[in-house]
Amino acid sequence: GARNTDLSVQATKPVIINQTNNNTGDVNSVVVGAGQTHLNVLGKDLGDAKFMEPAKEGPVAKLMTTPEGRREVFAKNYFNGGQKYGGYAREGFRDFPNHEVLARKILAYKPASVLEIGCARGYVLKRIQDAGIRANGLEISKHCWLTRACDGIIYKDVTETPWPYKDHEFDLVYSQAFLEHVPESLLPNVIREMSRVAKRCVHGIDFGGHDDGFDKTHVTLRDKAFWVRLFSDHWKNCPEGGDS
């Protein structure tokens, strides 16, 4: 259909690291996005590399403190080269094979309904919807919203609350590689709002130990203990060291 922004569709052959085990059928590998060469999926370590220390301060961090700045940072360039503020360095934000792995991981929780925060184009949401489960998303990037892969996505900055959902409207709220993009001072409000609209949560978070510094929107790179404390303080009835 007609769009207000350019849309490029590119087919490439993925490079697989550590092939699937032919004897057991277990998923032992996944192709990860630009700037990500270490990922643990379903309990399996998919590789490691040496990285530079990520930048802690700078003009991008200042932009990330305002709604207008965050919308500017996550414009089209972020997903197509990232030369301005960092982001996806080469491939652009295509439908990576790890989206299938993530969808299976979420479906394994047998959710009655799902909300993804920072859902981008909704590649994972589309798979969940195709499984017959209600799945909605919130996304700050207008470029991603205009080129979305499915319906049910609202163009919104998640740090601006309340969200347009009822109390406990969703069974499960989740995110992948998202929360590290939220300024630390805004995280408590985001977590409280997640707790309001959903009964449980699961999140994949970059702790920063292997961050290469290219994506300067990684403004909250903290260890696991920090995140456990944060959810324990602001998510109602959050289990210590649970799925969050």
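T159 counts as buried because its relative accessibility is 12% (buried is under 20% relative accessible area, exposed over 50%, partly exposed in between, with a 1.4 Å probe and protein chains only). This is a predicted model, where local features need pLDDT of at least 70, side-chain atom pairs count only at pLDDT 80 or more, and totals for chains, interfaces and linings use all residues. Residues are numbered from 1 along each chain as its sequence is written, and side-chain values use heavy atoms, with hydrogens and water left out.

**Around T159**
- T159 sits in the loop between β5 (153–155) and β6. Helices (H or I, at least four residues) and strands (E, at least two) are DSSP runs, numbered from the N terminus.
- The T159 side chain makes a polar contact of 2.8 Å with the side chain of R70. A polar contact is a pair of N or O atoms within 3.5 Å; within protein, one must be able to donate a hydrogen and the other to accept it, and residues adjacent in sequence count only if both atoms are side-chain atoms.
- The side chain of D157 also makes a polar contact with that of T159, at 2.8 Å.
- Leaving out residues up to four places away in sequence, T159 touches R70, V182, L186, N189 and V190 (contact means heavy atoms within 4.5 Å).

**The sheet**
- Five strands form an open, parallel sheet in the order β5-β4-β3-β6-β7. Two strands pair if DSSP finds at least two bridges between them.
- β5 and β7 are the edge strands, each pairing on one side only.
- Neighbouring strands are turned by 20 degrees against each other on average, direction ignored. Axes are lines fitted to C-alpha atoms, for helices over the stretch in contact, and angles run from 0 to 180 degrees between N-to-C directions.
- Parallel strands β3 and β6 are joined by three bridges. L115 has V173 in β6 as its bridge partner.
- α6 packs on the sheet and touches β3, β6 and β7; its direction makes about 135 degrees with that of β7.

**Nonpolar cores**
- The largest nonpolar core has 24 residues, and I117, W163 and M194 have the most contacts inside it. Such a core is a set of buried Ala, Val, Leu, Ile, Met, Phe, Trp, Tyr and Cys residues joined through side-chain atoms within 4.5 Å.
- β3 (113–117), β6 (170–176), α6 (187–197), β7 (198–204) and α7 (224–234) each supply at least two residues of this core. The largest share, five residues, comes from α6.
- Another core, of 15 residues, lies apart from it and includes A103, C119, L125 and A135.
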